[in-house]
Amino acid sequence: MRSLNWQKELGRDGHRVKFSGRPVAMHCHHYNINLQKTLEDTLGEQGVLLLYRASEEAILEDFRSILGQYESIKSEKSKFEMAALMFQNSGMGIIRVQALGPDGGVFVSPSNHHVTGWLAKHGRRATPGCHFVRGWIAGILEAIYDRPLGYYAVEEQACKMVRDGECVFVVEGP
Ligand SMILES: [Zn+2]
C-alpha cells in the first residue's frame, strides 16, 4: 500500500503553506477557541452549526480529492486511518475508530487541539464542545462512502471539555 507522501502533499509556495495543492491557514488555540466561543456566545446553536458545517464541508472536499489521488488505498478502515494521520499531523489531535460502516460508526479521541485549547482558556464546560471534530468526522465519512454534504449526523456523547475521560463520537446516517 502506498502511504501518504508528506513531502509532496505538504509544502510551501513562497509564504503560503499548501496541503495537496490547496492553501491552508494555520491558527493556534487562541484564535480557534476564541472563534468557537464567539460563535457560541453570539449565535448559540446556529453558531455551533456554522462551525460544524464549515469543518465538514472543507474536509469533505479536501479528503475526496486526496482519496482520488490515492486509489490504491481500498479499505474503508485504511481510508479512515489515513484521515486520522492527517488529523494528527496537522496538530488537531488523536482520533481512533471503534466501529465504522456505511451507516455510521463510533470514534474516540483521547486528546485533541480543541479540548486542550478550551480547557487552557476557559476550563471545564457544561456541554460537549468538539464541534469542529464532529464536523470533521462527518466530512471524512461522507468522502469515504461517497455521500453528499450533511448525510451523516455526528453526536458527541462524552467530552473531555466536561471532564469525561475521552471524547466519544457516534455517527448515524439518515
Ligand atoms: Zn470533546
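**View 1. Surroundings of H131.** Apart from neighbours within four places in sequence, H131 is in contact (heavy atoms within 4.5 Å) with Q36, E40, V48, L51, Y52 and R125. This is a predicted model, in which local features need pLDDT of at least 70, side-chain atom pairs count only at pLDDT 80 or more, and totals for chains, interfaces and linings use all residues. Residues are numbered from 1 along each chain as its sequence is written, and side-chain values use heavy atoms, leaving out hydrogens and water. H131 belongs to helix 6, residues 131–144; helices are DSSP runs of H or I with at least four residues, numbered from the N terminus. H131 counts as buried because its relative accessibility is 5%, the limit being under 20% relative accessible area with a 1.4 Å probe, protein chains only.

**View 2. The aromatic pair F80 and W136.** Rings of Phe, Tyr and Trp (its six-membered ring) pair if their centres lie within 6.5 Å, and planes over 60 degrees apart count as edge-to-face. The count by this rule is four aromatic pairs. One of them, F80 with W136, is edge-to-face, at 6.0 Å centre to centre and 80° between the planes. The pair links distant parts of the chain, with F80 in helix 4 and W136 in helix 6, 56 residues apart. F80 and W136 are both buried. One aromatic cluster is formed by F80, F87, F107 and W136.

**View 3. R125 and the ring of W118.** The charged end of R125 sits over the ring of W118, 4.6 Å from its centre. For Arg, this requires CZ within 6 Å of the ring centre and within 35 degrees of the ring normal.

Methods: Helix = DSSP H or I, 4+ residues; strand = E, 2+ residues; numbered from the N terminus. Buried < 20%, exposed > 50% of the residue type's maximum accessible area, 1.4 Å probe, protein only. Phe/Tyr/Trp six-rings, centres within 6.5 Å; stacked < 30°, edge-to-face > 60°.
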